[in-house]
Amino acid sequence: MQDSVRVCVPRFLQIGRGSVSKLPSIIEAIGSARRPLIVTDKVMVAIGHVARVTDLLDEAGISYGIFDETTPDPTDIAVQRGIAALREGGFDSLIGLGGGSPIDTAKAIAVMSQNSENILDYRPPSQFNNSGLPVIAIPTTAGTGSEVTHHMVIVVEATQEKISCRGEAFVPTAAIIDCELTLSKPPRITADTALDTLTHGIEAYVSEKRSLFSDRMALDCMRLVSKFIERAYHDGGDIEAREGLMLAATLGGLAFSNSSICLIHAMSRPLGALFHVPHGLSNAMLLPKITEFSLSSSIERYADCSRAMGLAAEDDSAELAGRKLVSGLFCYTEIMKVPSISEFGIRKEEFDSSLDQMAKDAISSGAPRNNPRLATQAEIVELYQQAW
Ligand code: NAD
């Protein structure tokens, strides 16, 4: 447990149904964001979320540009294109509209356009705190919590390495957290992003870097996900469930950003970088197995998770509550049809030949050091094989 933590959060959090309508007043409150570049993806354009935002800006007489070339797991090359668009249009701020991918791209453009443009200069363990341009994050997935975190995850295109850059520079200036924007998510994305949120809550709570502050966020995050995940998965129009999951994602972001992620995320990233498994899904594929692996090293903490999620009774022993957590997690992945790595369609020979590299990349991210049970490279390879 850390003695003292420095919590860095956005200046404004506009939270609740219909919050996106407050965008013009948030821009006004920031003051220095007069001409924003909207960073988003083609799906956001197609489903009308971009039009929702541009209608508001038009009405308020705010001029803007649109960069819609973000893709899932954004690369440094996409960021370079965004920086060129920013300069070309003379924009002074960014609106990240979408899931973690557009929001992280917006963060990267904001910081890298004002500092080094080489992504490798932001590589951990260094922390980067020099601020960039103002960023307004408008999440639409209820998953990553990127709207409140001091992280930004970018894939280095040349090496396919996925790096998680850290520092106060990456905390957005404002976040607009409107669950109505998540109503359009299909069941697969709903499940994957909610299981990503759940992983944030659990890893933040068991991490060696946890604090009293992150504990409170993590427990509420887990409570909300377990209460609403199945409802939202089965009925995408259930606004109460969407609202609960949206808040859970933000709390999960505050939790892990002020504690840490651990072995699950470390092993999940190489699956995204090398095999393009969506981020939430790769976490979901690993969540039950790695929790089982780590359980005995922090049984009381995992038991708390199990109780918070309503999987164990308050008077269950820690051992029983821990076992119920693992079986509950397997149950979620079954109900929500999370495929195994093999079912996802990765070729076995390709997977086998990447195992050592994936294990090395997982270790070099630093996150496994925060896991309650330290895993050797050989154990990580074995865990990947079990998840296959
Ligand atoms: P994403 O942004 O990659 O989007 C996944 C897909 O969902 C895209 O096709 C997108 O268009 C679609 N989508 C998004 N919102 C939708 C909606 N409302 N309706 C229909 N479709 C919608 O997904 P993500 O899981 O939010 O983000 C993943 C990225 O975030 C990864 O690169 C991951 O590493 C990163 N990440 C960042 C942080 C952080 O703190 N910065 C934390 C965790 C993960």
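Two exercises on a predicted model follow, each with a worked solution. Residues are numbered from 1 along each chain as its sequence is written, and side-chain values use heavy atoms, leaving out hydrogens and water. In this predicted model, local features need pLDDT of at least 70 and side-chain atom pairs count only at pLDDT 80 or more, whereas totals for chains, interfaces and linings use all residues.

**Exercise 1.** Describe how domain 1 and domain 2 meet.

*Solution.* Start with the bounds, which come from an automatic or database domain assignment: domain 1 covers 12-182 and domain 2 covers 187-387. Next, take contact, meaning heavy atoms within 4.5 Å; 22 residues of domain 1 touch 25 residues of domain 2 in this way. Then turn to buried area, the accessible area (1.4 Å probe) that two parts lose on being put together, summed over both; between these domains the value is about 2,200 Å², with 59% given by carbon and sulfur atoms. On the domain 1 side, R17, A142 and K162 lose the most area to domain 2, together 22% of what that side buries. Finally, look for a salt bridge (a side-chain nitrogen of Lys or Arg within 4 Å of a carboxyl oxygen of Asp or Glu); the count between the two domains is one.

**Exercise 2.** Find the residues that L271 contacts, leaving aside its neighbours within four places in sequence.

*Solution.* First set those sequence neighbours aside, and then apply the contact cut-off to L271. The residues that remain are H276, V277, S282, L286, I341, F351, M358 and Y384.
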